[in-house]
Amino acid sequence: MSSNNLLPSPKTVAILGCPFSGGQPKPGVDKGPIHLVQAGLINQVEELGWHVVFDGHHQFEGVPPPSNGIQGNGTSDVVVDTALDASIARLRSPLLVAQVCKSVASAVQAHAEMGRLPVTLGGDHSLAMGTISGTLRAYDQACVIWIDAHADINTIYSTDTGNIHGMPLSFLLKLNPPAPSPDSVLAKFDWVSHLPAERLVYIGLRDVDKGEKEILKKHSIKAFSMHDVDRYGIGKVVEMALDHVNPQRDRPIHLSFDVDALDPSVAPSTGTPVRGGLTFREGHYICEAIHETGLLVALDLMEVNPALADAESVRQTVTVGCSLVRSALGETLL
């Protein structure tokens with residue numbers, strides 16, 4: 001393990017298992033953290049020289065069920081308060097997602113303020129609303145490197161599905177309208193920290209909604225698609241990404257990695273696979289290069305879904321997930 005410039009010794013990782021699937025409709029992604037831990041991730045991280053804190057998986061069963069103007073329609077929770085905009089009515093399980101992410105934010109913040117590096121295992125990517133908020137509370141100048149096939153920046157107006165795992169960045173960048181009242185659904189997201197657009201950069205995009213493309217352009221958000229990876233190579237792309245969000249190499253880095261950024265031939269067991277993604281080596285290079293900065297303070301590994309493929313594909317995806325975490329924490333080829 002090489003040095004990390006921002007963490008006290010002994011270097012400590014806090015592993016947060018977040019078995020949560022409420023930000024999207026497919027079952028199984030809540031089983032991702034358990035599979036990663038059962039695959040030996042904790043021992044693997046310890047072998048790199050880290051002290052590891054793991055208090056078991058978070059139990060979101062204790063989160064209060066949605067109520068107040070919310071009713072189930074069999075598959076999701078839909079707002080029925082006619083005073084609210086129809087756009088809000090499309091959101092799936094918004095109160096549950098807001099509540100769970102708020103709890104995750106507090107957990108990440110607590111570990112970060114103790115000088116630990118939180119590694120959050122998802123679960124779906126809506127959780128990043130919580131993880132990044134927690135990081136920003138502890139490190140207000142932190143930047144975010146978001147590795148994903150998808151931009152996850154739909155607003156309540158642009159979303160076609162209402163799945164909040166496609167929306168966490170719109171809440172973090174404060175792109176949604178202010179809550180019309182303290183009782184409205186949007187008010188339940190008021191706790192989310194603010195990430196300035198210039199402190200976000202994407203790598204690996206290849207499936208971006210029309211509305212999201214407009215959002216990226218309007219707010220001048222830096223994004224490197226797979227076209228850029230093909231053109232420049234992954235080494236140059238990571239360097240350009242760091243130059244954008246961390247030009248002086250002095251900002252803490254939160255790395256949020258969705259395994260669907262990888263090509264489905266590399267990580268098949270995920271909810272929204274898209275062909276033409278990062279290779280095994282490209283994904284690992286990103287993690288290695290971020291580690292080398294000595295500035296990583298938080299890591300998310302999201303969207304491993306053991307329910308969506310055969311046993312061998314699940315094993316392959318879980319193994320790759322563990323390997324990415326190890327690379328971000330200092331494992332090298334030599």
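Colleague: How many aromatic pairs does a search of the whole structure find?

Modeller: This is a predicted model, and a search of the whole structure finds one aromatic pair. The rings of F171 and F189 have centres 4.3 Å apart and planes at 20°. Since planes under 30 degrees apart count as stacked, the pair is therefore stacked. The number found by the search is one.

Colleague: Which elements hold F171 and F189, and how many residues apart are they?

Modeller: F171 belongs to helix α6 (residues 168-172), whereas F189 lies in the loop between α6 and β7 (200-205), so that the pair links distant parts of the chain. Both F171 and F189 are buried.

Colleague: How are α10 and α11 oriented to each other, roughly parallel or roughly antiparallel?

Modeller: The axes of helix α10 (residues 280-292) and helix α11 (residues 311-328) come within 7 Å and cross at roughly 30°. The residues of this contact divide into five nonpolar, five polar and one charged, with F280 and C287 among those of α10 and V320 and L324 among those of α11. Because angles under 35 degrees count as roughly parallel, the two helices are roughly parallel.

Colleague: Why is the sulfur of C143 too far from the closest cysteine sulfur for a bond?

Modeller: The structure holds zero disulfides, and a disulfide requires cysteine sulfur atoms within 2.5 Å. C143 is buried, with a relative accessible area of 0%. The closest cysteine sulfur to that of C143 is in C287, and it is too far for a bond because the distance is 15 Å.

Key
Residues numbered from 1 in each chain as written. Predicted model: local features only at pLDDT ≥ 70, side-chain atom pairs only at ≥ 80, totals over all residues. Heavy atoms only, no water. Axes fitted to C-alpha atoms, helices over the stretch in contact; angles between N-to-C directions. Helix = DSSP H or I, 4+ residues; strand = E, 2+ residues; numbered from the N terminus. Parallel < 35°, antiparallel > 145°, perpendicular 65-115°, else oblique. Contact = heavy atoms within 4.5 Å. Nonpolar A, V, L, I, M, F, W, Y, C, P; charged D, E, K, R; others polar. Phe/Tyr/Trp six-rings, centres within 6.5 Å; stacked < 30°, edge-to-face > 60°. Buried < 20%, exposed > 50% of the residue type's maximum accessible area, 1.4 Å probe, protein only.
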